Amino acid sequence: VNVITGVLIFTISILCYFIFSNMKSIISYTANIRYVLMPFIVGGAIAYILNFFVKFFENCFLRFEFFKKVKYKYIRMSAIIITYFIFFTFIILLLKYIIPQFYSNIKMFVDRTPIFIDMGVEKAKYMLQNVELSSEIRSFINGKLTEFATFSTTFLTDMIPWVATFATRVVSLFLNIILAIIISGYLLYDKENFSRILKNLAVFPEKANRITFKIVKRFDYTLKSYLLAKGIGAIIVGITFYIILLFMKIDYALLFAFILGFTNLIPWFGCYLGAIPIAIVLLFTSTFNTVLWF
């Protein structure tokens, strides 16, 4: 027993040494595998989300007597075609109208942020003048505020090329996205067979498999319910605030509405967490009454 234990420890030690000494190669190899699998992962995610709409249209078709006589595969194909038509229409609208305006809002905000920071620092220094502090403490705070303004400006300046590089990478992934969409369509059309294959590939005992698939099914139902409810809520909040911010004539309306809609996905306090930085920005760009109305 001691010999076997010693051999196992020796083998594991060599294996650990090999892993740590070739960590860069392993990470590079893992990254290559991830790059190859990415279209399948993205395709699965797209299929999972679009399955909501495919099921909805299938149920709509089956409410009519005429479609009950039609083969189910034709109903499935029709539901998929309608779903992808809506999906591509939404993508085209995003690319043509929303994304350019969103990018313009972000660029304008990043360009003006150093000005906002300088204004905030000057206001803080002005407030400190009315507070009784020793000259050493006042000098220390003023120095730190100046350092913060310099650091923030430098950080944002360095961030702009990173944003441009990220945008370039997104464009370079266009072919992978097309492949992912094709994979998602195939998954949606033949999802029952894929589910059957996964069940047949199960390696656990039959009882454990039943429990596992029951847990997975419950998790799937809970996740879909959560995504559907929070997704609809986020869209409603985003659109509502976009309309309100346009009426209030606030700059960066689309950017702020997106932040509020996205943070609304966080339970309970999400939308309020998103509102705090926006209110701080409005303090520098608008009147105090505008902030109160917001």
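Student: What makes α9 mostly covered?
Tutor: Eight of its 11 residues are buried. The model is predicted, and each value is computed from it.

Student: Which residues of α9 are buried?
Tutor: They are Ala253, Leu254, Leu255, Phe256, Ala257, Leu260, Gly261 and Thr263. Buried means under 20% relative accessible area.

Student: Why is Thr290 called buried?
Tutor: Its relative accessibility is 17%. The cut-off for buried is under 20%. The value of 17% falls under that cut-off, so Thr290 counts as buried.

Student: Where does Thr290 lie, and what is it in contact with?
Tutor: Thr290 lies in helix α11, residues 288-293. Leaving aside neighbours within four places in sequence, Thr290 is in contact with Met248 and Ile250. Contact here means heavy atoms within 4.5 Å.

Student: Why is Ile266 called partly exposed?
Tutor: Its relative accessible area is 42%. Buried needs under 20%, and exposed needs over 50%. The value of 42% is in between, so Ile266 is partly exposed.

Student: Where is Ile266 found?
Tutor: Ile266 is in the loop between α9 (253-263) and α10 (270-285).

Student: How do you know that the charged end of Lys224 sits over the ring of Tyr48?
Tutor: The charged end of Lys224 is 5.4 Å from the centre of the Tyr48 ring. The distance cut-off is within 6 Å, and the charge must also be within 35 degrees of the ring normal. The value of 5.4 Å meets the distance cut-off, and the pair is listed as sitting over the ring.

Student: Which residues form an aromatic cluster?
Tutor: Tyr84, Phe87 and Phe88 form one. A search of the whole structure finds six aromatic pairs. Rings pair if their centres lie within 6.5 Å.

Student: How many helices and strands does the protein have?
Tutor: The protein has 11 helices and zero strands. Read along the sequence, the pattern is α-α-α-α-α-α-α-α-α-α-α.

Conventions: Residues numbered from 1 in each chain as written. Predicted model: local features only at pLDDT ≥ 70, side-chain atom pairs only at ≥ 80, totals over all residues. Heavy atoms only, no water. Helix = DSSP H or I, 4+ residues; strand = E, 2+ residues; numbered from the N terminus. Buried < 20%, exposed > 50% of the residue type's maximum accessible area, 1.4 Å probe, protein only. Phe/Tyr/Trp six-rings, centres within 6.5 Å; stacked < 30°, edge-to-face > 60°.
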